[in-house]
Amino acid sequence: MVASHGEELRDIHQEDGTREIFVDACHVPSYARSARAELQSVAPRMIQSPRLFEDDLLPGIVAIVLLVSLISCHVSGPRTKGPLRNAATTRHIKLGTAASALHLGDPTYTRILGSEFAQLEPENEMKFARVHPERTRYDFRSADALVSLAGAHGMAVRGHTLVWHRQVPPWVSTGNFSPAELSRILQDHVATVMQHYAGRVYAWDVVNEAFHDNGTMRNTVWYDQPGAGYAGMGTRYIEQALRWAHAADPKAKLFYNDHGAEVMNQKSDAIYAMAQDFMQRGVPLDGIGFQAHIDLAYDTPRTLSSFAENLERFANLGLELHITELDIRLHDGSPASLAAQAKLYAEIGKMCVQQPACKVLQTWGFTDRYSWIPRYYPQMGWALLWDAEYRKKPAYFGLLTALEEQSKGF
Ligand code: G3I
């Protein structure tokens, strides 16, 4: 196998019969030679019988050494971990980002992703319509590509999302299924997707965005249009989805995820009432995801203390808290706006550091080059930590400083 240009794999046969394999940035050339030297020092007898050595033992030893180095290389993750990732890790926080398989061919994208973040979450690749495009067909290819990239960089993977009213494939939304059929379809989907990623995805947004802003249930194909069997029964279908998820992968952490519920309001009250009920009745809910798609209007003492108070009440239920989709959209990229944005990223970073139950701080992408904001909020953007040319923005340093300065609230 000749050397490939990517970072990935170069497999070179040395004239002395040893092999040099480059995997990612892990280089294991000398091992083979040192293994032999090592051996020569401890067991001269064996060396005398070259036949034994050459044919059976040496290749075996080299293979073991290579295996160990590959594992240690992968376990230890990338050679260099970026400052943001390190600072967060020191605070017992996983710094994560949404990632898209569409950009894995962009080396700068994968370099920053693999070094500055300890976790990734597929932006679209694990959604129903993407992994289950036809009733009898699942397509894990693009999600698998992201999961293996994460593995290669020692990153965790957070799954998103199993039950959501958007990105529902046409075969479901126009299938005219009965509630009983929809229930079977949803149970099969949850089980198949979670079992495919069991052991590789440590946490899932099982249900996403099930409430309206006024705290009532969102009317969706899974709730009451026609619903998976619990129409009009409030959060029962969410409970059922969590029970299916727990049965599919008992080791995975199970989350309910939503937007606009970061502060004390009708929606967060409804989610709190659901979580309290679930915790009392032993429904398998491990945590809450707060999306935090915000703008500069969020940066008021009242809003920030309401956010902290909200996190505290959910923490007191014994739940793990994740900030799952943080971005701070701006109307312009002026130095003043970028400075205000940096301050707010620092405030959110501080909030997570000071709340012991906050274990994940995740942005919804990391470069303005690839952000959903301009498409959904025309005339807005500049929402992330790197600009469209992959230059670190004041926001990056604002968050970094907050992570470096603060000590975790325990
Ligand atoms: O991949 C297709 C492409 O083949 C096609 O040419 C193009 C035509 O429009 O669409 C592409 O798919 C788009 C996909 O993003 C990938 O870029 C979908 O149309 C578009 O709807 C989808 O938008 C995603 C959106 O969720 C809807 O699912 C955004 O990227 C994604 O950032 C956004 O993420 C959501 C979270 O999942 C939940 N919370 C809110 C957040 C923002 O809306």
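Student: Let's start with the ligand. How many Å separate an oxygen atom of the ligand from an N or O atom in the side chain of Glu 123?

Tutor: Look for N and O atoms on both sides and check the distance between them. Here the gap between the ligand oxygen and the Glu 123 side-chain atom is 2.5 Å. Keep in mind that this is a predicted model, so the distance is a computed one.

Student: Which ligand atom sits 2.9 Å from an N or O atom in the side chain of Glu 209?

Tutor: That one is a nitrogen atom of the ligand.

Student: Now the open spaces. How much space lies in the largest pocket?

Tutor: About 700 Å³. Its lining has 34 residues, and those closest to the pocket centre are Lys 127, Arg 166, Trp 364, Trp 372 and Tyr 376. Among helices and strands, β11 (320–329) and α14 (373–376) each give two or more residues to that lining.

Student: What classes of residue make up the lining of the largest pocket?

Tutor: Count them by class: ten are nonpolar, 13 polar and eleven charged.

Student: How many cavities of 30 Å³ or more does the structure hold?

Tutor: Two. The largest has about 50 Å³ of space, and its lining includes Glu 123, Trp 364 and Trp 372. By class, that lining has six nonpolar, four polar and one charged residues.

Student: What about the second largest cavity: what lines it?

Tutor: The second largest cavity holds about 40 Å³. Among its lining residues are Val 163, Trp 164, His 165, Glu 209 and Tyr 237. The classes there are six nonpolar, three polar and one charged.

Student: One last check on confidence. Where does pLDDT stay under 50?

Tutor: Begin with the overall value: the mean pLDDT of the protein is 87, with 79% of residues at 70 or more. One is residues 42–54, where pLDDT stays under 50 and the model has twelve contacts beyond four places in sequence. Another is residues 74–78, also below 50, with twelve contacts beyond near neighbours in sequence.

Methods
Residues numbered from 1 in each chain as written. Predicted model: local features only at pLDDT ≥ 70, side-chain atom pairs only at ≥ 80, totals over all residues. Heavy atoms only, no water. pLDDT = per-residue confidence, 0-100. Contact = heavy atoms within 4.5 Å. 1 Å grid on protein atoms, 1.4 Å probe; cavity = no way out; pocket = protein on both sides within 12 Å on 5 of 7 lines; lining within 4 Å. Points joined across faces, edges and corners; volume = space filled by probe spheres on them. Helix = DSSP H or I, 4+ residues; strand = E, 2+ residues; numbered from the N terminus. Nonpolar A, V, L, I, M, F, W, Y, C, P; charged D, E, K, R; others polar. Polar contact = N/O pair within 3.5 Å; in protein donor to acceptor, adjacent residues only side chain to side chain.
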